[in-house]
Amino acid sequence: MKITGILKTLMIGLVLVGSLSFSADVRASIIPALEAGSPTGPVAGVFTFTYDVGISADQKVNTGAVPGASVNTGVGVLGSTYASFFTIYDFAGFNGTHVDPAGWTFESVAGNLGATPNTTVPIDSAAVANLTWYFTGAVPPASGTTVTGFSAGSTFIGTPVLHNYTSGATKNTPLDPSTNNTAIGSIGTVVAPGPANPPAIPEPTTLLLLGSGLAGLAGWRQWRTKRA
């Protein structure tokens, strides 16, 4: 009975750790989603991926400096220090064609980099292009609305898969002056062309804990067998 109780406690602990580990993915500011759930085409061998972008109700979009490869979205930083943006990572087969809604500017940073909030760690291959759109317009979209018309072309022929996106915007929380107008960096997943990302390799400490747990269970089972 004691061992059963310990196992239950361990399972509950793992669930809690898991929920904490993935909580960062829940935050969102500028949220891209593939329109209609699939690309159109191909036309002349090119598939067109079109995205709708939602602006969270507690976020706002603004102009500012062109976002570079690393954008400071740390605690207390004002969101106005950079133009609001979002980046889609590892857009396989990008052929250089793109469509940008009014007020938005496209960039694909040299070296297959994209603008990335320094408070996020997306999965990113150095061999595949990242696509960034940032806001340069005079009238920003309202909080809680959707902007349509972002698209890019890909020559990759295969099943679209989930890749990371990140975004940087500004907090719109007038009832909380301590956070209002500060920077917010977010991370999530979006459908994009390309093969699936390889499975993450567990860290050595994770493997050690897993191995210790399996060894303990094996020892307990042997002990039960001997008693029987």
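User: What share of the contacts in the chain with a separation of 6 or more comes from residues 24 or more positions apart?

Analyst: Let's begin with the term: contact means heavy atoms within 4.5 Å. Here, 77% of the contacts with a separation of 6 or more are between residues 24 or more positions apart. A word on the model: it is predicted, so local features need pLDDT of at least 70 and side-chain atom pairs count only at pLDDT 80 or more, while totals for chains, interfaces and linings use all residues. Residues are numbered from 1 along each chain as its sequence is written, and side-chain values use heavy atoms, with hydrogens and water left out.

User: How many helices and strands does the chain have, and what percentage of its residues count as buried?

Analyst: Helices (H or I, at least four residues) and strands (E, at least two) are DSSP runs, numbered from the N terminus. This chain has two helices and 13 strands. For burial, relative accessible area is the guide: under 20% is buried, over 50% is exposed, and anything in between is partly exposed (1.4 Å probe, protein chains only). Of the 228 residues, 35% count as buried.

User: Which residues have the most contacts inside the largest nonpolar core?

Analyst: The general idea first: in soluble globular proteins, nonpolar side chains tend to be buried together. A nonpolar core is a set of buried Ala, Val, Leu, Ile, Met, Phe, Trp, Tyr and Cys residues joined through side-chain atoms within 4.5 Å. The largest one in this model has 24 residues, and Tyr 51, Trp 104 and Trp 133 have the most contacts inside it. Strands that each supply at least two of its residues include β1, β3 (46-55), β8 (104-107) and β12, and β3 gives the most, with five. A second, separate core has eight residues, among them Val 77 and Tyr 82.

User: Which residues is Trp 104 in contact with, leaving aside its neighbours within four places in sequence?

Analyst: Among them are Ile 30, Val 61, Phe 86, Trp 133, Phe 135 and Phe 150.

User: How many aromatic pairs does the structure hold?

Analyst: A pair of aromatic rings is described by the distance of the centres and the angle of the planes. Rings of Phe, Tyr and Trp (its six-membered ring) pair if their centres lie within 6.5 Å; planes under 30 degrees apart count as stacked, over 60 as edge-to-face and the rest as tilted. The structure holds eleven such pairs. In one of them, the ring centres of Phe 49 and Phe 91 are 5.5 Å apart and the planes are at 75°, so this pair is edge-to-face. Phe 49 sits in strand β3 and Phe 91 in the loop between β6 and β7 (94-99), so the pair ties together parts 42 residues apart in sequence. Both Phe 49 and Phe 91 are buried.

User: Are the rings of Phe 86 and Trp 133 stacked or edge-to-face?

Analyst: Their centres are 5.4 Å apart and their planes lie at 20°, so the pair is stacked. Phe 86 belongs to strand β6 and Trp 133 to strand β10, so parts 47 residues apart in sequence are tied together. Phe 86 and Trp 133 are buried. Ring pairs also link a cluster that includes Phe 49, Phe 86, Phe 91, Trp 104 and Trp 133.

User: Which side chains meet in a salt bridge?

Analyst: Side chains of opposite charge can pair when their charged atoms come close. A salt bridge is a side-chain nitrogen of Lys or Arg within 4 Å of a carboxyl oxygen of Asp or Glu. There is one in this structure, where Asp 58 meets Lys 171 (4.0 Å, N to O). Asp 58 is in the loop between β3 and β4 (59-60) and Lys 171 is in strand β12, 113 residues apart. Asp 58 has 32% relative accessibility, so it counts as partly exposed; Lys 171, at 22%, is partly exposed.

User: How many bridges join β12 to β13?

Analyst: Two strands pair if DSSP finds at least two bridges between them. Ten bridges join β12 to β13, and these strands run antiparallel. His 163, for instance, has Val 190 in β13 as its bridge partner. Eight of the ten residues of β13 are buried.

User: Which residues does a cis peptide bond join?

Analyst: Most residues other than glycine have a negative phi, and most peptide bonds are trans. In this model, a cis peptide bond joins Gly 41 and Pro 42, with omega about 10°. Pro 42 lies in strand β2 (residues 40-43). Ala 36 is not a glycine, yet has a positive phi of about 65°; Ala 36 is in the loop between β1 (30-34) and β2. With 78% relative accessibility, Ala 36 counts as exposed.
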